[in-house]
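Here are my notes on the model you sent. Please read them with the structure open.

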Amino acid sequence: MKLHGQDAMARGADERLVARRIKLPKRVVERPLRQVTRRLLMALLVLCLTVLIVWLDREGYHDNANDKVDFLDCVYYATVTLSTTGYGDIVPYSDSARLVNVLLITPLRVLFLIILVGTTLEVLTERTREEWRLNRWRKNLREHTVVVGFGTKGRSALQTLLATGLQKEQVVIVDPSAKVIDMANAEGFTGVVGDATRSDVLLRAELQKARQVIIATQRDDTAVLVTLTARQLNRGAKIVTAVREEENAPLLRQSGADAVITSASAAGRLLGLSVLSPRAGAVMEDLIQQGSGLDLIERPVNRSEVGRGVRETDDLVVSVVRGHRLLPYDDPHAGPLQLTDRLITIVRATPPTTPQVTLGPAE
C-alpha cells in the first residue's frame, strides 16, 4: 500500500518533470519547407555575391592549372571557399585580392555557414531565448489577473473582463491540462500547466503579485483548496470563486473568497425566471453578457452627483455601495449620495475606455 506522503512525492516528481511549466504565447512560425527554401535562397545569394567579387578582381588570382582565371574558375573558387577552406589550386596573390578575401570573402564564408546550419543554431538558442522571454515576462508582470480553470466558466468570465478593456498580456491561465494551455496560448494568453492546489504552481503564475483571481475549477473541493492557497499567497487580491453546490459557498467564503458564484443554482434560477417570463430571462442574460445591450457596472460617484438622491443620477442606479454595506436603491439611507460611495448601475453598453467591475456570474 502506498502511503499518502509517498504518493505526494511521486506526484511532485512527475509534475517537476512534465507538468509544472510556464507556456508563453508562441509567435507565428513559418512552415519548415518555407524556412528551408528561404535559407537556400539566401545561401545562393551569398554564393553569387562571392562569385561577382572574385570575377571583378580575377586579375589578382592565380590558377595553378593554366595561369588564367575565367568565370568558371571564379564559380569554382567561390564554391570551395564558402563550403570548405579551399584546395589551394586557385589562390589570391595580389595585395588587393588578399585584402578582399580578408574583408569580404571570409565574412561571407561565415555567413554562408551560418545560413546552412541555421536550423541547428535556432534549436540551440531556443532555450536561451525562451528563458529571456520568461524573465522579461516575470519582471513586467504586475497587477494581473489569474484564471484557474479554462473551461466554460473560466473562459466566459475572461471574455467578460476582456470586453471591459483587460489586455491579454495581463492574464495568466492555470490549468492541469497541457492541451487546454496550448489552446490558451493559441488565443494569446500565457499559461501555466499544473495543479493549482500547489503553492509552487501558483507562484509560477506570479499570483503573489496579482490584482484579482478567478477560480473556476471542475470540483468544489478543488476550488476550496485553491482558494485557501491563493489567499495565503496574496492577502490583498480579489478572489472570485465558482462552485457547483450552494452548500459549499459558506466554506469558500471562510477560505478567503471575496465573492462566490453558485453556477448550478444561478443557471437554475435563470431557467426558472425564463419559464415565468422569457423576456425577463432575456434581460438578465443580457445584463451578464458584458459589452452588448445593457451592462451592469460598478462606478464611483461623480462630484456633480454628491448630495443628490439615487433617482436624480443620469444612470439607472440599482444599489449603492457605502463602506461594507450594499444599500438597495429604495433604501431610505441610500441618499443623499456621498463622494466615497460607489454606484451599481445599468447602462447601455459602449466601447470601454476604462476597466469596470462586472457583477454577477459569467457562465
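1. A term to begin with: helices here are DSSP runs of H or I with at least four residues, numbered from the N terminus. In that numbering, L99 sits in helix α4, which covers residues 95–116. Keep in mind throughout that this is a predicted model.

2. Overall make-up. The protein chain has twelve helices and 14 strands. It counts 363 residues, and 37% of them are buried.

3. Contact range. Take the contacts in the protein chain with a separation of 6 or more. Residues 24 or more positions apart account for 64% of these.

4. The main core. The largest nonpolar core holds 28 residues. V146, V148, V174, V192 and V213 have the most contacts inside it. Several elements give two or more residues to this core: the strands β4 (145–148), β5 (171–175), β7 (212–215) and β8 (238–243), along with α8 (199–204), α9 (220–233) and α10 (249–255). The top contributor is α9, with four residues.

5. V174 in detail. Leaving out residues up to four places away in sequence, V174 touches V146, V147, V148, G149, I181, V192, G194, A196, V201 and A205. Two of its partners, V146 and V148, are also listed among the residues with the most contacts inside the largest core.

6. A separate core. Another nonpolar core lies apart from the largest one and has 17 residues. Among them are I53, A78, L82 and L108.

7. The annotated stretches. The unreviewed UniProt entry carries the annotation "transmembrane region" for residues 40–56 and 102–124. In the model, residues 40–56 are 100% helix and 0% strand. The end C-alpha atoms of that stretch are 24 Å apart.

8. A surface patch. L99, V102, L103 and L104 make a nonpolar surface patch of about 390 Å². L99 brings us back to helix α4.

9. G191. Is this residue buried or exposed? G191 is buried, because its relative accessible area is 0% and the cut-off is under 20%. G191 lies in strand β6, residues 190–193. Not counting residues up to four places away in sequence, G191 touches R21, I22, K23, I173, I181 and N185. I181 is also a contact of V174. Between G191 and F150 the C-alpha to C-alpha distance is 9.8 Å, with 41 residues of separation in sequence.

Note on methods: Residues numbered from 1 in each chain as written. Predicted model: local features only at pLDDT ≥ 70, side-chain atom pairs only at ≥ 80, totals over all residues. Heavy atoms only, no water. Patch = residues over 30% accessible without salt bridge, like charges linked within 9 Å, V, L, I, M, F, W, Y side chains within 5 Å. Areas by Shrake-Rupley, 256 points an atom, 1.4 Å probe, with all protein chains shown as cover. Salt bridge = Lys/Arg side-chain N within 4 Å of Asp/Glu carboxyl O. Buried < 20%, exposed > 50% of the residue type's maximum accessible area, 1.4 Å probe, protein only. Contact = heavy atoms within 4.5 Å. Core = buried A, V, L, I, M, F, W, Y, C linked by side-chain atoms within 4.5 Å. UniProt positions renumbered as here; feature names shortened; annotations may be inferred.
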